[in-house]
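User: I would like to go through this model by question and answer. Please start with the metal site.

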Amino acid sequence: MEKLIITAAICGAEVTKEQNPAVPYTVEEIVREAKSAYDAGAAIVHLHVRKDDGTPTQDKARFKECIDAILKVIPDVILIPSTGGAVGMTAAERLQPTELPIEMATLDCGTCNFGDEVFENTMPMMRDFGKRMMENNIKPEYECFEMGHLDTALAMVKKGQMPGHPMQINFVLGVPGCTAATIPNLCWLVQNIPSDATWTATGVGRSEFPLAAAAIAMGGHVRVGFEDNLYIEKGVLAKSNGESVAKVVRMAKELGREIATPDEARRILGLKK
Ligand code: KMH
Ligand code: ZN
């Protein structure tokens with residue numbers, strides 16, 4: 001089995017300091033959380049950014065400020081800025097980070113419920129996002145929240161509408177209103193990916209660590225962090241993203257899986273840097 005790539009989703013667009021005071025908003029807080037995750041063993045940081053008051057934003061200048069500040073402290077980390085942003089943002093707003101010189105970005109693979117709201121990713125939108133990433137040489141991380149999202153991504157790659165092989169696919173399971181974070185669901189999805197693809201499991205809420213355990217055992221990769229779960233165990237808030245990453249590192253050690261450095265992750269993902 002390849003070494004385990006751990007991604008830390010340090011911020012997200014929806015979680016707040018009222019829910020967990022360690023959720024980062026300012027540039028300094030975002031750097032602090034990125035470094036805590038990296039020091040604990042994360043090779044990748046999935047990045048959303050906020051205004052200082054916590055409002056989610058896709059502002060290109062704010063992304064640049066955060067990316068520059070993170071890379072100053074941890075220059076080799078892989079950053080995956082979000083093009084999902086927050087529910088309700090326009091496609092143009094969401095695409096802003098793809099105008100920066102970034103290695104990877106998320107590409108969301110279909111419209112779905114997102115709690116009580118609808119996260120819109122129409123086919124024309126996805127074609128635009130795919131085109132932009134092909135033009136700007138950005139490797140997508142395909143975000144699949146529903147079973148059908150995988151089929152959509154595979155079909156669009158086949159038609160040349162999205163960047164192709166090797167694909168990196170993130171199964172984000174357990175969002176309220178979407179596919180549940182069960183091991184049979186994860187197995188079904190993994191059985192249907194191309195043979196050269198890499199994949200990550202993200203369990204939302206209480207399923208975060210059980211799904212991580214399954215992915216470690218199955219040879220996939222793992223995402224954890226405040227975007228997905230604010231707790232380190234039942235009823236106990238995580239003090240930092242690093243604490244959640246450290247828990248995955250301990251789980252991997254028990255299961256005999258080594259942790260990938262960022263450069264090892266680049267090789268595994270087929271990134272050219
Ligand atoms: N905030 C969610 C609505 C992504 O980063 O690409 C979408 C999201 C996905 O977080
Ligand atoms: Zn995200």
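Analyst: First, a definition: donors are N, O and S atoms within 2.8 Å of the metal. Keep in mind that this is a predicted model.

User: What spacing do the donors of the zinc ion (ligand 2) follow along the chain?

Analyst: The zinc ion (ligand 2) is coordinated by His46 through NE2, His48 through NE2 and Glu227 through OE. Water is not among the atoms, so the site may look incomplete. Along the chain, the spacing of the donors is H-x1-H-x178-E.

User: Are histidine 46 and histidine 48 buried or exposed?

Analyst: Both histidines coordinate the zinc ion (ligand 2), at 2.1 Å. The cut-off for buried is under 20% relative accessible area. Histidine 46 and histidine 48 are each buried.

User: How many Å separate an oxygen atom of ligand 1 from an N or O atom in the side chain of serine 82?

Analyst: There are 13 residues around ligand 1, and Ser82 is among those that come nearest, with Glu14, Gly85, Thr106 and Asp108. The side chain of glutamate 14 has an N or O atom 2.8 Å from a nitrogen atom of ligand 1. For histidine 48, the side-chain N or O atom is 3.1 Å from an oxygen atom of the ligand. For serine 82, the value is 2.7 Å.

User: What percentage of the area that ligand 1 exposes when taken alone does the protein bury?

Analyst: Taken alone, ligand 1 exposes 300 Å². The share of that area buried by the protein is 98%.

User: How far apart in space are alanine 13 and alanine 86, C-alpha to C-alpha?

Analyst: Alanine 13 lies in the loop between strand 1 and helix 1. Beyond four places in sequence, alanine 13 touches His48, Arg50, Pro56, Gly85 and Ala86. Alanine 13 and alanine 86 are 73 residues apart in sequence. In space, their C-alpha atoms are separated by 5.5 Å.

User: Why does alanine 13 count as buried?

Analyst: Buried means under 20% relative accessible area. Alanine 13 counts as buried because its relative accessibility is 8%.

User: Is asparagine 20 buried or exposed?

Analyst: Asparagine 20 sits in the loop between strand 1 (6–9) and helix 1 (27–40). Leaving aside neighbours within four places in sequence, asparagine 20 is in contact with Phe226, Leu230, Leu237 and Ala238. Its relative accessible area is 2%, so asparagine 20 is buried.

User: Is asparagine 137 buried or exposed?

Analyst: Asparagine 137 lies in the loop between helix 4 (123–135) and strand 9 (139–144). Its phi is near 55 degrees, a positive value in a residue other than glycine. Relative accessibility is 68%, so asparagine 137 counts as exposed.

User: Which residues does leucine 186 touch, not counting residues up to four places away in sequence?

Analyst: Leucine 186 belongs to the largest nonpolar core. Its contacts are Phe171, Leu173, Trp199, Ala201, Leu211, Ala214, Ala215 and Met218.

User: What is omega for the peptide bond from histidine 165 to proline 166?

Analyst: Proline 166 is placed in the loop between helix 5 (147–158) and strand 10 (168–173). The peptide bond from histidine 165 to proline 166 is cis, with omega near -5 degrees.

Methods
Residues numbered from 1 in each chain as written. Chains lettered and ligands numbered in written order. Predicted model: local features only at pLDDT ≥ 70, side-chain atom pairs only at ≥ 80, totals over all residues. Heavy atoms only, no water. Core = buried A, V, L, I, M, F, W, Y, C linked by side-chain atoms within 4.5 Å. Buried < 20%, exposed > 50% of the residue type's maximum accessible area, 1.4 Å probe, protein only. Contact = heavy atoms within 4.5 Å. Near = heavy atom within 4 Å. Polar contact = N/O pair within 3.5 Å; in protein donor to acceptor, adjacent residues only side chain to side chain. Areas by Shrake-Rupley, 256 points an atom, 1.4 Å probe, with all protein chains shown as cover. Donors = N, O, S within 2.8 Å, 3.2 Å for Na, K, Ca; no water. Helix = DSSP H or I, 4+ residues; strand = E, 2+ residues; numbered from the N terminus.
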